[in-house]
Structures are given as structure tokens and as C-alpha cells.
Amino acid sequence: MMTERPWSEAERWLLVAVLGLEMTMGIVGNCLVLLVKVMCRDQFSCRYWLPFLSLTLSDLGCSLLIISGSLVAILTGGQSSPWCEVVSLLKFAFITSSLGSIAILCVQRLISMASTGSVLFVVMVTACLASWVTGLVFGSVPVVYAWIRFDPAEMLCAVFWENSYSDMLLYILCAFSLCIFLPCILIFFCSLLLTATSCRSTCNSDDDAADLSSVSPLLVSFYMLCYTPFFVSELILLGRKDLSPAPDWLRTLSSVMSYLDCGLNPLIYCSHQDFREAGLALLWTNRKPSSEPVLTSITKRVNVFQTFHLPNNDV
């Protein structure tokens, strides 16, 4: 059985500051990314816009609903029903949709299929929707069977197993096999094949370097880094027949790191030069340009001053 250790005042306000920063980065960053993708889509190359859109919506939803929920839970001391169940359901949906979107992006890069009208495009749309629906389905199972309660360490409502080890084992194995392991296998093999084929096709590699999808290795790397504590904590639970959860510090770290990924992805997009320039151009669109260069304006002002204030030699 879990023993809950209350947060000290210093720890609580430190978490409030960290979550507040992550929430701000996630909301502001992903809103700007959506604006750039919609309003400046002609200023940068993005052949595989569908998984990017799905990933951005997932990150924005997590920042708006999940991170803010954890922040409020720390300040108020918990979460109440039905918000508790909604947060638990949506968190798993956002995790699976973001990982599924990255896997679809890797598959599209491998087969060089742009997000345009075709039969394969319909397949990719179906795959994106399937990642969202699968997350919602597996997220709703603990809600239906009342396995949800507030976890102070995770700072949100989470799944707790108190009676049946077999139920926990069956659920985690099914959920992780379909929602986690399958996308990870696709990402791994697609990355290997892309690395092997990039050396032989210099023309395609130049096109990929100019496309926004060139940041996909960074997306994969930071996703795996940020979600490693979450995966480890679930594996620890899977190996304990007494149904005791992972240590408090690991569960807290898993939440903080998974939230961080939502704010890092917009920064990763900005590492692409064309996307960064399009974003800067959008931010400065409403700034009125100067009617004349600064040096020309200064020269004119000096000439006017000399005309009216210098003595007239003809008088």
C-alpha cells in the first residue's frame, strides 16, 4: 500500500514555479506554432503536415488541460470528481496520440508520401485518428472500473491497483503493446531505414533537409528522454506483485518530464531555419516599417537644422 508524504512548503512552490513555466511554454509555444503553420504555410516546406498538426494539438491540449490541472491540484490539495476521471482519461490519450503522430511522421518520411490527396493519405488520416481513439479507449477503462484516485506524487489522478494483480497485468500489457511498443517499433525501424537510405540518395536528402520533417530525429530523441521516467515507473509497477507503485520521486519526475516535452517541441520546430524565419516574420507583421532609412532621416534633420540656425554670410 502506498504511503503518501506531504509536500513541504519549499517543494510545493518549486513545483508550482516549474509547472507554471512548462504550462506557459506549452500554451504560448504551440499556439504560435499553429499560427505559423496556418498563416505562413507558403514560407516553409512541410510535406508531412498531418502528423505535425496532430502532435501540436496533442501538446496544446496537454498544456491547457493536464498541466493546468496538476498546477491547480498542487495549490488546492487535490482533484475532485468528475474532473479527476477526465484528466486521467485525457492524459493517456495525449500520450498515445503524440507518440502515434511521431511514428506516422517517421513512416511518411520513409515512404516519401506527402500529406496530399491519395489513398495512402487516407490511411495516414485513419492512423492519426486511431492513435487518438485508442488512447481514449484505454484511458476510459480505468474510469469505468473505478481504478482512479488522486496521486499527490504525480500531481493528478492516476490508476491505482489495490485488489487484482492479474487485472493490472492484463491492462498494462495490452495498453503498452498497442499504444507504446508498436509505435516505438515503427519509429526504430523507420529511423534505421532512413539512415541507411539517406547515404545513397543525395537528392532526396537535400529535399528532406529543407523540409520541416528534418527535425523529426530531435522530436523522437526528446520524446524518449522526457517519457523514460514514465515508462520506468510503469515497468516497476508491473514487476511488483504487492501492487505498490514506483517511488514518489520517480512518479513526480515522470509527470514533470512528460509535461516538459509539450513545451520543448515548439523550440525544436524553431531549430528549422525556414520555420523560424516564418515565425519571426509573422510576429513582426504588424510593426510599421520606417518610411525611410535611419541614416537618411538623420541627415535630413541635420541639414534642416543648419539651414535655420547657421549665420547667413551674405547679410
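This is a guided tour of a predicted model, stop by stop.

Local features are described only where pLDDT is at least 70, and side-chain atom pairs count only at pLDDT 80 or more, while totals for chains, interfaces and linings use all residues. Residues are numbered from 1 along each chain as its sequence is written, and side-chain values use heavy atoms, with hydrogens and water left out.

**Whole chain**

Start with the cartoon of the protein, which shows ten helices and two strands. Helices here are DSSP runs of H or I with at least four residues, strands are runs of E with at least two, and both are numbered from the N terminus. Read from the N terminus, the order is α-α-α-α-β-β-α-α-α-α-α-α. Colour by accessibility next: of the 315 residues, 45% are buried (under 20% relative accessible area; exposed is over 50% and partly exposed lies in between, with a 1.4 Å probe and protein chains only). Of the contacts (heavy atoms within 4.5 Å) between residues at least 6 apart in sequence, 81% join residues at least 24 apart.

**Glutamate 9 and arginine 12**

Salt bridges come next, meaning a side-chain nitrogen of Lys or Arg within 4 Å of a carboxyl oxygen of Asp or Glu. By this rule the model has four. Select glutamate 9 and arginine 12, whose side chains form one of them at 3.1 Å, N to O. Both lie in helix α1 (residues 9-39), and because they are three residues apart, about one helical turn separates them. Glutamate 9 has 47% relative accessibility and therefore counts as partly exposed.

**Glutamate 154 and lysine 91**

Now select glutamate 154 with lysine 91, a salt bridge whose closest N and O atoms are 3.5 Å apart. This pair links distant parts of the chain: glutamate 154 sits in the loop between β1 (148-151) and β2 (156-159), lysine 91 sits in helix α3 (residues 83-111), and they are 63 residues apart. Glutamate 154 and lysine 91 are both buried.

**Arginine 251 and aspartate 248**

Go on to arginine 251 and aspartate 248, where a salt bridge spans 3.1 Å, N to O. They are three residues apart in helix α8, so about one helical turn lies between them. Arginine 251 is buried at 4% relative accessibility, whereas aspartate 248 is partly exposed at 25%.

**Helices α7 and α8**

Show α7 (residues 216-238) and α8 (residues 248-270), which pack at about 165° with axes 9 Å apart. Because of that angle, α7 is roughly antiparallel to α8 (over 145 degrees; under 35 is roughly parallel, 65 to 115 roughly perpendicular and the rest oblique). Axes are fitted to C-alpha atoms over the stretch in contact, and angles run from 0 to 180 degrees between N-to-C directions. For side chains, select residues including Leu218, Phe222 and Phe230 in α7, and Leu250, Met257 and Leu264 in α8. The residues of this contact are 17 nonpolar, four polar and one charged (Ala, Val, Leu, Ile, Met, Phe, Trp, Tyr, Cys and Pro are nonpolar, Asp, Glu, Lys and Arg charged, and the others, Gly among them, polar).

**Arginine 240**

End at arginine 240, in the loop between α7 and α8. Its relative accessibility of 31% makes arginine 240 partly exposed. Leaving out residues up to four places away in sequence, arginine 240 touches Tyr165, Met168, Pro245, Ala246 and Pro247.
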